[in-house]
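User: I'm new to this structure and would like to learn how to read it. Could you walk me through it step by step?

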Amino acid sequence: MTTKHTLPVAVMALAVLVLWYAGAIWLNAPMATDALNRAGHDWTTADLIRATLAMKRPILPTPDQVALDLYNSLTGYPVTSIRNLLYHTGVTAGAALAGFGMGVVLGVALAAGIVQARTLESSLLPWVIASQTVPILAIAPMIVVILGNLGFTGLLPKAIIAMYLCFFPITIGMVKGLRSADPLTLDLMRTYSAGSAQTFRLLRLPASLPYLFTSLKIAVAASVVGAIVAELPTGGQAGLGARLLSGSYYGQTVQIWSALVMAALLSVTLVAAVSLAERALVPGGQGGAR
Amino acid sequence: MPAAQPAPLTLVPPAADAAPRTIVDVRNLTLTYQTADHPVYALSDVSLSISKGDFISLIGPSGCGKTTLMRVVADLEQPTSGEVTVNGMTPEQARLKRAYGYVFQAPALYPWRTVERNVMLPLEIMGLPRAERQQRAREQLDLVGLSGFERKFPWQLSGGMQQRVSIARALAFNPDLLLMDEPFGALDEITRDHLNLQLTRLWLGTRKTCIFVTHSIAEAVFLSTRIVVMSPRPGRILDVIDCDRDLPRERTLDIRESPEFQRIAHRVREGLMEGHSYDD
């Protein structure tokens, strides 16, 4: 990051923190007032603010509470411990990446089919689109139950739900990408009497990469959401979704927010990894512009 | 009509081919597009014979079918009726045998490939070994004056350089026939002059048969051995002008000031005006 960008980024981060603290004071004030009144002493506004920022089960925990919880969890226990958030993040990341991998294969295969065979566009694409109108929250438990019946538990059901969310943007982006080669370059391949497999490999596929990577960034973030959603009905003991669920059972809002922050960090990391791969594979970073 | 006087200018190369071989033969070619309301007559009864080593320019206003004619020769369009042979084969057979190189209006370079790998593309499709691909690409880039730009990407080059890369790419697999569709149409006058000079040298050096589509009279006269003047609605041939008799094969830019050049240009212009209907 250049120094030119440091200031705006810092200002934005500061604004978010200020808003967060203000929100915490505002949301936690009623409960804090109750507690202070019950204690029976006189209290000032400063007492109230101090109380809202240090509650055990706040409506909205403060950033420092979340940061402390994260720090304790990450440094207080070995990575293999169920009390370490990194362990849960690893479980979720595993399911998300497995689902992402399956989603890439499925999404690219569907797109290739749709582009190479015109009939597939009218017969397949409506189903692809319809699949995304079903809320993932409704379909996730069914997938878990069905796969559980077939004897599949653990990572696979979660990966399939993640895949369900992430193949769609890949298919749509890839179809557009595979069709993005301009007519002149297609004519050119014809003058070389290139076969359709050669045209696909040497022209359509490389032309689609900028579109594919845009889709991959959306898909990898969606795969994290899919994996977390999948962890809710599986009743799993591990994973960020399980942490969210147990946090809400016991009113551990700080724990919930820690898990949320970890989920966000995981998504950011994965999207950044996709961006790095893009920079390595798409020369010049010209994107779709030509 | 051009006077039959001998060319007074510099060395005319001896006629090496006593009986020049016909490379492209077009007979009674008609091509009609069916549109929703009425048919469009892109080409009507066009006949043309092109010999080995010819440089033929197709000139005419928009819609006269000059690009269509070349696309038929390249098997990129199918004629409604008439016969076309390329090297004695049908256009499709010729295309499958990679008998020609095609240069489009736009460079049509692949932005994800370096200049060198763009030139190597046809060789890759033909399955040449890597070392030979690279060697041929270097030779062709040298021929169009782009040595040292092998590792650049297309967007790092100017428009004229990009078009030169696309010419190198068309030459890479050494086809006998070169089809060029307004390759310099989008370039400025100075660049165009420069590339015309390079192209005429290239043509003299390689002895390839060229078909060249253009809007520019000066360009057509400067480059061609024969100029085919076409007119629109329906697309047809109005006049075929032989420049070889009055202009030397080896040409420099100052030839454009000569009376022979002016006379041929005048005849081309007259042909174009005759074919141009001002009713639309």
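Analyst: Happy to. Keep in mind that this is a predicted model. Let's begin with a sheet in chain B: it is open, has six strands in the order β5-β6-β7-β3-β8-β9, and its pairing is mixed.

User: Which strands of chain B stand at the edges of that sheet?

Analyst: Look for strands with a single partner. Here those are β5 (100-103) and β9 (236-242) of chain B, so each has one side without a neighbour in the sheet.

User: How do I read the pairing of β3 with its neighbours in chain B?

Analyst: Check the sense and the number of bridges. Strand β3 (residues 55-59) of chain B pairs in the parallel sense with β8 (residues 226-231) of chain B, over four bridges. β3(B) also pairs with β7(B) in the parallel sense, this time over five bridges. You can follow both through one residue: B:Ile56 has B:Arg226 as its bridge partner in β8(B), and stands opposite B:Ile211 in β7(B).

User: And how many bridges join β6(B) to β7(B)?

Analyst: Five, and these two strands run parallel. One pair to find on screen is B:Leu177 with its bridge partner B:Thr209 in β7(B).

User: Is strand β7 of chain B mostly covered or uncovered?

Analyst: To judge that, count buried residues. Strand β7 (residues 209-214) of chain B is mostly covered, with six of its six residues buried. Then check each face: B:Thr209, B:Ile211 and B:Val213 are buried on one side, and B:Cys210, B:Phe212 and B:Thr214 are buried on the other, which leaves both faces covered.

User: Which helix lies across β5 and β6 of chain B?

Analyst: That's α5 (residues 159-171) of chain B, and it runs at about 165 degrees to β5(B).

User: What about two helices packed together? What should I look at?

Analyst: Two packed helices are described by the angle between their axes and the distance between the axes. For a case, switch to chain A: the axes of α3 (residues 63-76) and α11 (residues 253-281) of chain A come within 9 Å and cross at roughly 75 degrees. α3(A) and α11(A) are therefore roughly perpendicular to each other. On the α3(A) side the contact is made by A:Gln65, A:Val66, A:Asp69, A:Leu70 and A:Ser73, and on the α11(A) side by A:Val254, A:Gln255, A:Trp257, A:Ser258 and A:Val261. By type, the contact residues are five nonpolar, four polar and one charged.

User: How is chain B divided into domains?

Analyst: The domain assignment gives domain 1 (35-99 + 178-267 + 273-277) and domain 2 (110-174) of chain B. Their C-alpha centres lie 25 Å apart. The contact takes 10 residues from domain 1 and 11 residues from domain 2 of chain B. On the domain 1 side, helix α6 (residues 189-206) of chain B gives the largest share, four residues. That side divides into seven nonpolar, two polar and one charged.

User: Last one: how many residues of chain B are in contact with chain A?

Analyst: There are 17, touching 17 residues of chain A. On the chain B side, α2 (91-96) and α3 (115-125) each supply at least two residues, and α3(B) brings the largest share, three residues. Sorting that side by type gives 15 nonpolar, no polar and two charged.

Conventions. Residues numbered from 1 in each chain as written. Chains lettered and ligands numbered in written order. Predicted model: local features only at pLDDT ≥ 70, side-chain atom pairs only at ≥ 80, totals over all residues. Contact = placed C-beta atoms within 7 Å. Nonpolar A, V, L, I, M, F, W, Y, C, P; charged D, E, K, R; others polar. Domains from an automatic or database assignment. Axes fitted to C-alpha atoms, helices over the stretch in contact; angles between N-to-C directions. Parallel < 35°, antiparallel > 145°, perpendicular 65-115°, else oblique. Pairing = 2+ DSSP bridges. Buried ≥ 20, exposed ≤ 12 C-beta atoms within 10 Å, placed from the backbone.
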